[in-house]
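Subject: Handing over the structure

Hi there,

Here is the structure I promised to send over.

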Amino acid sequence: MLTIFTLRLVTISYLTISWNIQNVLGLFQKNKQMGANVIFEMENRGPTMCLRECTHYKGCSGVNYRRDTLTCQLLSVSLPGDQLKYSEVFSFSDIYNFTLEGDSCLPTNPCKEREKCVPLDKNGHVCVSYRALCDAQPCKNGGICLNQVNSYLCTCPDEWTGPQCETNMCDVKMDCSDLKSPICKTGIYQLNINGTINVLCEMNDNGGGWTVFQKRQNGNVDFYRDWNSYKLGFGNMSDEFWLGNTYLHLLTNTGNFTMRIELEDFDGNHRYAEYTHFSISDESSGFKLKFSTYTGDAGDALTYHNGQMFSTKDKHKMKCAQDYKGAWWYNACHSSNLNGLYLNGTHTTFADGVNWKEWKGHHYSLKSTRMMFRKA
């Protein structure tokens, strides 16, 4: 808790404070320091004035002095402050052998701890509180406060900024593309869009900035659901979930987005597929899937579904959702079914698992899938 002060002191005759300068310098010891905290740092102080300042501050135990820059550090073993760090350019002195004639605050400081004694004349003084600005703990969100000249400075954690660390640089405005990697970490963030919703932001993989809208990994969540469930979303973002078609439309109806689909089988093999110009239409047009070109190594099992409306067991495309136990942009019926039943790998039933035909066919249900998008 370091404060750099420039104080206007009561004037005392130059001869009075400098007559024994050699004796004063003899009090300072090179290469020696005490286990103490720096409570104040002052500039433009001679060695006598440095020691005198310490005797006037109740709770000051000694000083560090740098003669070439006239820097004076006041130290305390009882008061909080910045931890003292060893430096060869400073010399140390305690105050036990220091006194000064004509100073009404000496030899015994009459003030209370955290007060400074200001001499008025040989028989008078006034005690002034020297509570530092950082004592009020003005820095928020884990910021570290350093006292400055008549002010303070907050050193903020990575994701926070502002005079008091009050502004979060990891606030999501439109989608996870707003976040800065690596400052912002993978996790759940709040987004204000037609109300407050939570979004899962992937910030570590493939450059970060991905808004995850589907995740399968263990079969804990039932994905064979109705229209309203897929419209508003369901599940747990720390486990398995679907974000919600309403939010997919709101997030992708303006701008240019890339969608990425990540797949894993039960042998630990991974594949991916990316699609440019991804968007979802509004409910009145059936939450229609739109995208442009494919790249990846999973094989293109989604272009067959491009331009199709979303279907659930209680709405839209024929009986595809009922027959294949899922919810998808079916097209009489599918080459991918990532919201199908979680069937743990190879299955005898046809095309009703978490299937990606172009990689594993219609009789293999994948271990994990993740669908996400970000600004192109």
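Cys54 has a relative accessibility of 1%, so this residue counts as buried, the cut-off being under 20%. Please keep in mind while reading that the model is a predicted one. Cys54 forms a disulfide with Cys60, with 2.1 Å from S to S. The link of Cys54 and Cys60 is left-handed, with -105° about the S-S bond. Cys60 has a relative accessible area of 8%, so Cys60 is buried as well.

Cys176 is found in the loop between β13 (167–168) and β14 (187–192), while Cys201 belongs to strand β15 (residues 196–202), so the pair ties together parts that are 25 residues apart in sequence. As for accessibility, both Cys176 and Cys201 are buried.

Another disulfide runs from Cys320 to Cys333, with an S to S distance of 1.9 Å. Because the torsion about the S-S bond is about -85°, the disulfide of Cys320 and Cys333 is left-handed. This pair links distant parts of the chain, 13 residues apart: Cys320 is in helix α6 (residues 320–323), and Cys333 is in the loop between α6 and β24 (336–337). Cys320 is buried, at 1% relative accessibility. Cys333, at 17%, also counts as buried, because the cut-off is under 20%.

Now for some strand pairing. Which strands pair with β7? Strand β2 (residues 29–30) pairs with strand β7 (residues 91–94) in the antiparallel sense, over two bridges. In that pairing, Gln29 stands opposite Phe92 of β7. Strand β4 (residues 62–66) also pairs with β7 in the antiparallel sense, over four bridges. There, Gly62 has Asp94 in β7 as its bridge partner.

On to the aromatic rings, where the search of the whole structure finds 20 pairs. In one of them, the ring centres of Phe40 and Tyr57 are 5.1 Å apart and the planes are at 50°, so the pair is tilted. Phe40 sits in strand β3 (residues 37–42) and Tyr57 in the loop between α3 (47–56) and β4, so to speak distant parts of the chain, 17 residues apart. Phe40 is buried, at 1% relative accessibility, and Tyr57 is buried with a relative accessible area of 2%.

How are the rings of Phe257 and Phe373 arranged? Their centres are 5.5 Å apart and their planes are at 90°, so this pair is edge-to-face. The pair links distant parts of the chain, with Phe257 in strand β19 (residues 257–264) and Phe373 in strand β28 (residues 368–375), 116 residues apart. Both Phe257 and Phe373 are buried.

Finally, two contacts between a charge and a ring. Lys315 has its charged end over the ring of Trp227, 4.7 Å from the ring centre. Likewise, the charged end of Lys360 sits over the ring of Tyr364, 5.0 Å from the centre of that ring.

Happy browsing, and do write back with any questions.

Best wishes

Definitions and conventions:
Residues are numbered from 1 along each chain as its sequence is written. This is a predicted model: local features need pLDDT of at least 70, side-chain atom pairs count only at pLDDT 80 or more; totals for chains, interfaces and linings use all residues. Side-chain values use heavy atoms; hydrogens and water are left out. A disulfide is a pair of cysteine sulfur atoms within 2.5 Å. Buried means under 20% relative accessible area, exposed over 50%, partly exposed in between (1.4 Å probe, protein chains only). Two strands pair if DSSP finds at least two bridges between them. Rings of Phe, Tyr and Trp (its six-membered ring) pair if their centres lie within 6.5 Å; planes under 30 degrees apart count as stacked, over 60 as edge-to-face and the rest as tilted. A charge sits over a ring if NZ of Lys or CZ of Arg is within 6 Å of the ring centre and within 35 degrees of the ring normal.
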